[in-house]
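User: I'm new to reading protein models and would like to learn how charged side chains pair up. Could you walk me through one?

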Amino acid sequence: MSEIKQNRIKKFAFAAAFILSCFTMNSNNLGGYWESGGMAKIMLRYVLIFVFLFVLTLINKSNISFISKFVKYALWAIMPIVIFDYYVTNFSGSMYLFKVWWISYIIVAAATVFLAATIMKPKEYKEFFYDFWLGFTPIYLFAIYISFIRTPFTKLSVNMKLGQGTFLMLKAIIKNPRIDFEPYLIFFGNLIIFLPLPFILSAVLKKIKPYQLALTGFAAPFLVEGYQFFLKCGDVDIDDIVLNWLGYFIGLGLYLIIKKRLLTKSE
């Protein structure tokens, strides 16, 4: 088999695996591969997405420019489908949690590709970095929207005692790891939701300074919780703010390391 043909097969395998991963669901409205299942089935899907995409990204090291463009345009193309399904078709599921599962599979697929490419340190990494985060931005903004935006003046709960809100979800998980998905979503969702933000800001605002990123990270959770508090909608929780900060500054630390070792070096 010629090298050109092998290269095409590797590209096709990656593209097929990425698209299939992005259309993985845990739906109560579909059957087969997409049908709803317990935590074991949900976690198995995450593992399969990670393993297959990680390996296929590694073996496509020579095709990193193709991967960066494909992932960007694929995520842009998927975004309108996600929005339409969320509000109209509901193929991903009849309730909010089912829709979150679908978006979480897309995020895991994208994050796996980014991790594998970062580990490989290809010479085209700078191109990959900016393409990836520009492609990821729409799905991220939609995830932020459905996570925090609520109808004003509907329902408000407030917890200002550290450890008495979302941190109780972690306690429940430790006590019973087989508990349903919701405690995992609430705890780890609040931890992870702001982690990509420093990367996105640096890709969209290329001249942004580290101190400006730090100030943004400090303010972002206050803006979200402040919106919910003053418009009396959602759950205002000091635990959420702490987890949001922790996730954001983990992301900022990772970005600064990548900037120093890969982005600045490539420049």
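Analyst: Happy to. The count here comes to four salt bridges, where a salt bridge is a side-chain nitrogen of Lys or Arg within 4 Å of a carboxyl oxygen of Asp or Glu. Keep in mind that this is a predicted model, where local features need pLDDT of at least 70, side-chain atom pairs count only at pLDDT 80 or more, and totals for chains, interfaces and linings use all residues. Residues are numbered from 1 along each chain as its sequence is written, and side-chain values use heavy atoms, with hydrogens and water left out.

User: What is the general idea, and which residue meets Glu35 in a salt bridge?

Analyst: Side chains of opposite charge can pair when their charged atoms come close. Here, Glu35 pairs with Lys41, at 3.1 Å from N to O. Lys41 counts as partly exposed because its relative accessibility is 29%; buried means under 20% relative accessible area, exposed over 50%, and partly exposed in between (1.4 Å probe, protein chains only). Glu35 is partly exposed too, at 33%.

User: Which residue forms a salt bridge with Lys69?

Analyst: That's Asp131, with the closest N and O atoms 2.8 Å apart. Lys69 lies in helix 3 and Asp131 in helix 5 (residues 125-148), so the pair ties together parts that are 62 residues apart in sequence. Helices (H or I, at least four residues) and strands (E, at least two) are DSSP runs, numbered from the N terminus. Lys69 is partly exposed at 30% relative accessible area, whereas Asp131 is buried at 9%.

User: Which other residue does Asp131 form a salt bridge with?

Analyst: Lys72, and there the closest N and O atoms are 3.1 Å apart. This pair also links distant parts of the chain, with Asp131 in helix 5 and Lys72 in helix 3, 59 residues apart. Lys72 counts as buried, at 9% relative accessibility.

User: Where is Asp85 found, and what does its side chain make a polar contact with?

Analyst: Asp85 is found in helix 3, which covers residues 64-89. Its side chain makes a polar contact with the side chain of Thr89, at 2.7 Å. A polar contact is a pair of N or O atoms within 3.5 Å; within protein, one must be able to donate a hydrogen and the other to accept it, and residues adjacent in sequence count only if both atoms are side-chain atoms. Leaving aside neighbours within four places in sequence, Asp85 is in contact (heavy atoms within 4.5 Å) with Asn90, Phe91, Ser92, Lys99 and Trp102.

User: And how many helices and strands does the whole chain have?

Analyst: Ten helices and two strands. Buried residues make up 44% of the 267 residues.
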